[in-house]
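Visitor: Hi, I'm new to this one. Could you walk me through it?
Guide: Happy to. Here it is.

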Amino acid sequence: MKVRRTLPHKDRSLIGAWCFADHYGPERSRMDVAPHPHTGLQTVSWLFSGEIEHRDSIGSHAMVRPGELNLMTAGQGISHSEVSTPEDDILHGMQLWVVLPAVSRFVAPAFEHYVPEPVTAPGLTGRVFLGTALGETSPVATYTPLLGAEIVLDAGARVTLEIDRTFEHGIIVDQGDVALKSGPDWHELHAAELGYLEPGHGELHLHNSTQDAVRFLLLGGPPLGEQIVMWWNFVGRSHEDVAEYRAAYEAENGQFGTVDGYPGPRLHAPELPNARLRPRG
């Protein structure tokens, strides 16, 4: 299955605490990701179509479905598996990661499921799964202020959304074309492209000039103000952090637990590169 790595990008590593965005599908495919570890982050799974079964090492067993948020907090360490179900083999969605700030990166692992109600406004429909937008606030707690929402703009719609001036914002287009205003200029964004708006803007101006609806994710948060080291499935603050996590996982010392119910062996960590991992952000 083709996966488009939208974030990190060569020009941008973070949007607030959002540090990773993989955009995949729509494609007739099957996902079978064996148990693997995470540290120092939260995973945010968001589907447009398909269904994925989630199991993790703290005993969570849940289905990821379109329009429903599954948020897993890795903290000090967790393992999980992801397997698509045969009922709907058209997979289409985004896998997102959020950095846990340094003060919270060793919290206990956790899992939360939330189904946001759709919100309608002139020219659009939205689902706010993290933070506040469109007059709606998600009850899901995060460790830094965040915004995460799916928005569908009607054909020909021109809208202005109120946004937090202290946040930086990103738009990741799923399908269609949309224009984003930054200063006096409009910038056209196409499918799988990322648009960015720096802090200081209190409004988000968008225009869909096409005859089809356009769908995108709106992500935001205040600049993290920290540098991170991100390698494989680990987020740390130094090369030594990541090397320690990898060694603990390979040694099966209990830090990452065991995923029950997955019919097969876990993944093994790749070898570290023959160079020091460099911080970003």
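Visitor: Which residues form one aromatic cluster?
Guide: Trp231, Trp232, Phe234, Tyr245, Tyr249 and Phe256 do. Before we go on: this is a predicted model, where local features need pLDDT of at least 70, side-chain atom pairs count only at pLDDT 80 or more, and totals for chains, interfaces and linings use all residues. Residues are numbered from 1 along each chain as its sequence is written, and side-chain values use heavy atoms, with hydrogens and water left out.

Visitor: How many aromatic pairs does a search of the whole structure find?
Guide: The search gives 8. Rings of Phe, Tyr and Trp (its six-membered ring) pair if their centres lie within 6.5 Å; planes under 30 degrees apart are stacked, over 60 edge-to-face, and the rest tilted. Trp231 and Trp232 make a tilted pair, 6.4 Å centre to centre with 55° between the planes.

Visitor: Is Trp231 buried or exposed?
Guide: Trp231 is buried, at 13% relative accessibility, while Trp232 is partly exposed at 25%. Buried means under 20% relative accessible area, exposed over 50%, and partly exposed in between (1.4 Å probe, protein chains only).

Visitor: What lies over the face of Tyr249?
Guide: Arg266 does, at 4.1 Å from the ring centre. For a charge to sit over a ring, NZ of Lys or CZ of Arg must be within 6 Å of the ring centre and within 35 degrees of the ring normal.

Visitor: Switching topic: how many salt bridges are there?
Guide: A search of the whole structure finds 12. A salt bridge here is a side-chain nitrogen of Lys or Arg within 4 Å of a carboxyl oxygen of Asp or Glu. One of them joins Glu51 and Arg65, with the closest N and O atoms 2.7 Å apart.

Visitor: Where do Glu51 and Arg65 lie?
Guide: Glu51 is in the loop between strand S4 (41-49) and strand S5 (52-56), and Arg65 is in the loop between S6 and strand S7 (69-73), so the pair ties together parts that are 14 residues apart in sequence. Strands (E, at least two residues) are DSSP runs, numbered from the N terminus. Glu51 is buried at 15%, whereas Arg65 is partly exposed at 35%.

Visitor: And what is the order of the open sheet?
Guide: Its 4 strands run S3-S8-S5-S6, with antiparallel pairing. Two strands pair if DSSP finds at least two bridges between them. S3 (32-38) and S6 (61-64) stand at the edges, each with a single partner strand, so one side of each has no neighbour in the sheet.
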